[in-house]
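Trainee: Could we go through this model together? I would like to begin with the sheets and then turn to some individual residues.

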Amino acid sequence: VQLQASGGGLVQAGGSLRLSCAASRRAFNFDRVGWFRQAPGNQREWVASVTKGGGTDYAAFVKGRFTISRDSAKSTVYLEMNSLEPEDTAVYYCNAPLDARGTWVRLPWGQGTQVTVSS
């Protein structure tokens with residue numbers, strides 16, 4: 001069971017990035033796949049999750065700026081991030097399965113992808 005995050009980079013405040021989470025077929029077929037992030041000195045926090053049926057949940061700090069989606073043909077979950085702020089700077093991870101608000105996960109964390117937003 002594998003999930004690999006990619007697509008991070010350096011972007012100016014107000015810019016956009018799209019992260020990808022390439023999942024093994026088994027991982028992709030879990031009820032829910034989610035994105036998390038961890039900024040330096042902070043605990044890892046849940047960002048968003050998407051169900052097999054396409055239902056979505058978002059952390060309050062997303063404020064309508066991020067969109068999570070899934071592509072069944074590619075076994076990939078995306079996180080489209082717009083209006084990025086310096087506070088969004090973090091390493092972003094994907095994981096599955098999880099509950100709707102990301103209070104638990106079952107699998108070890110992968111490498112993550114770095115997102116840096118400059119002011």
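Predicted model: local features only at pLDDT ≥ 70, side-chain atom pairs only at ≥ 80, totals over all residues.

Trainee: Which strands make up the open sheet of six, and in what order?

Mentor: The order is β2-β10-β9-β4-β5-β6, and the pairing is mixed. Strands here are DSSP runs of E with at least two residues, numbered from the N terminus, and two strands pair if DSSP finds at least two bridges between them.

Trainee: Which strands stand at the edges?

Mentor: β2 (9–12) and β6 (56–58) do; each has a single partner strand, so one side of each lacks a neighbour in the sheet. On average, neighbouring strands of this sheet are turned by 20° against each other, direction ignored. The axes behind such angles are lines fitted to C-alpha atoms, and angles run from 0 to 180 degrees between N-to-C directions.

Trainee: And how do β9 and β10 pair?

Mentor: Strand β9 (residues 90–95) and strand β10 (residues 113–118) are antiparallel, over three bridges. Within that pair, Ala90 stands opposite Val115 of β10.

Trainee: Where is Thr89, and what does its side chain reach?

Mentor: Thr89 is in the loop between β8 (76–81) and β9. Its side chain reaches the backbone oxygen of Pro86 at 3.0 Å. A polar atom of the Thr89 side chain also lies 2.9 Å from the backbone nitrogen of Val117. A polar contact is a pair of N or O atoms within 3.5 Å; within protein, one must be able to donate a hydrogen and the other to accept it, and residues adjacent in sequence count only if both atoms are side-chain atoms.

Trainee: Which residues does Thr89 touch, leaving out those up to four places away in sequence?

Mentor: They are Ala39, Gln114, Val115, Thr116 and Val117, with contact meaning heavy atoms within 4.5 Å.

Trainee: New topic: which strands stand in the sheet of four?

Mentor: That open sheet has the order β1-β3-β8-β7, with antiparallel pairing. β1 and β7 (66–71) are at its edges with a single partner strand each, so one side of each is left without a neighbour in the sheet. The twist averages 15° from one strand to the next. Four bridges join β1 to the antiparallel strand β3 (residues 17–23), and Leu3 stands opposite Ala23 in β3.

Trainee: What lines the largest cavity?

Mentor: The lining consists of Leu3, Gln4, Ala5, Tyr93, Cys94, Gly110, Gln111 and Gly112. β1 (3–6) and β9 each supply at least two of the lining residues, and β1 gives the most, with three. A cavity is a set of points on a 1 Å grid over the protein atoms alone where a 1.4 Å probe fits but cannot get out; lining residues have an atom within 4 Å of a point.

Definitions and conventions. Residues numbered from 1 in each chain as written. Heavy atoms only, no water. 1 Å grid on protein atoms, 1.4 Å probe; cavity = no way out; pocket = protein on both sides within 12 Å on 5 of 7 lines; lining within 4 Å.
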